[in-house]
Amino acid sequence: MMATNVATGLEIEGEDHIRPVNWDEWIRLPIRDQDQAVGTVRGPIRVPTVIVAVNYARVPKKRPKFSARSVRERDGNRCQYTGAPLKPEDGSIDHVVPRSRGGATSWDNCVWASKRINALKGNRLPGEVGLRLWSVPRAPKETPVSALIRNAHDIGDWRLFLR
C-alpha cells in the first residue's frame with residue numbers, strides 16, 4: 001500500500017515524535033533494535049507498525065455478532081424481566097416469543113434473563129406468566145470497525161492510538 005501511495009507509514013519514536021513518511025523515504029530509514037524488517041533484493045526494509053490510508057472516504061461500521069455474550073452486554077448484565085444484576089453463569093438467552101411459537105433467534109426477540117425466570121417462563125409468552133420486559137430488545141447500533149481493534153500482540157506503537 002505504501003509503495004503504490006495508497007498509504008503512508010508513521011515513523012514513531014515516542015509520543016512526541018510521530019511523523020508521516022512516504023515510501024521513497026521509508027525504504028531508506030535505518031532499522032532500529034525494536035523494528036522488524038523484511039529482506040528484499042535491495043536489502044532489508046523496516047516494517048511499519050502503523051500506516052495511514054491516504055484517501056479514506058467512509059469509516060466502515062460493524063454490528064457485534066449475535067451471541068450470548070453480546071446479548072448479555074447489550075442488556076447490561078441484568079435480567080430483562082426482574083432487573084436484577086446477573087453474573088454470566090446465572091443468566092441465559094430467553095426468546096421473548098418462544099421458538100416453538102415461531103419466534104426467531106434474533107436481536108429483536110432475544111433478551112438476557114435469569115435461568116430461574118427463563119425456566120419458569122418456558123415456552124409461553126411473558127404476559128402469560130405475568131412477566132413484563134424492562135426494555136424492548138433491539139439490535140445494537142453499528143460501531144466503527146476501529147473501535148473493535150484490539151492490540152493482541154501488544155505492539156507498543158499501537159497504544160498511542162487505541163484506548
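## An aromatic pair

At 30% relative accessibility, phenylalanine 66 is partly exposed, while tryptophan 107, at a relative accessible area of 10%, is buried. Here buried means under 20% relative accessible area, exposed over 50%, and partly exposed in between, using a 1.4 Å probe and protein chains only. The model is a predicted one: local features need pLDDT of at least 70, side-chain atom pairs count only at pLDDT 80 or more, and totals for chains, interfaces and linings use all residues. Residues are numbered from 1 along each chain as its sequence is written, and side-chain values use heavy atoms, with hydrogens and water left out.

The structure contains one aromatic pair. Its rings, from phenylalanine 66 and tryptophan 107, have centres 5.2 Å apart and planes at 80 degrees, so the pair is edge-to-face. For rings of Phe, Tyr and Trp (its six-membered ring), pairing requires centres within 6.5 Å; planes under 30 degrees apart are stacked, over 60 edge-to-face, and the rest tilted. Phenylalanine 66 belongs to the loop between β6 (61-62) and α2 (68-74), and tryptophan 107 to the loop between β7 (91-95) and β8 (110-114), so the pair ties together parts that are 41 residues apart in sequence. Helices (H or I, at least four residues) and strands (E, at least two) are DSSP runs, numbered from the N terminus.

## Nonpolar cores

Let's turn to the cores. Eleven residues form the largest nonpolar core, including Val71, Tyr81, Trp107 and Leu131. Such a core is a set of buried Ala, Val, Leu, Ile, Met, Phe, Trp, Tyr and Cys residues joined through side-chain atoms within 4.5 Å. With three residues, β8 gives the most to this core. A second, separate core has six residues, among them Met2, Val21, Trp26 and Ile45.

How many disulfides does a search of the whole structure find? The search finds zero, a disulfide being a pair of cysteine sulfur atoms within 2.5 Å. The sulfur of cysteine 79 has its closest cysteine sulfur in cysteine 110, 14 Å away, which is too far for a bond. Cysteine 79 is buried at 0% relative accessible area, and cysteine 110 is buried at 0%.

## A three-stranded sheet

An open sheet has the strand order β2-β1-β5, with antiparallel pairing; two strands pair if DSSP finds at least two bridges between them. The edges are β2 (18-21) and β5 (51-53), each with a single partner strand, so one side of each is left without a neighbour in the sheet. Strand β1 (residues 7-12) is joined to β2 by four bridges, and glutamate 11 stands opposite arginine 19 in β2.
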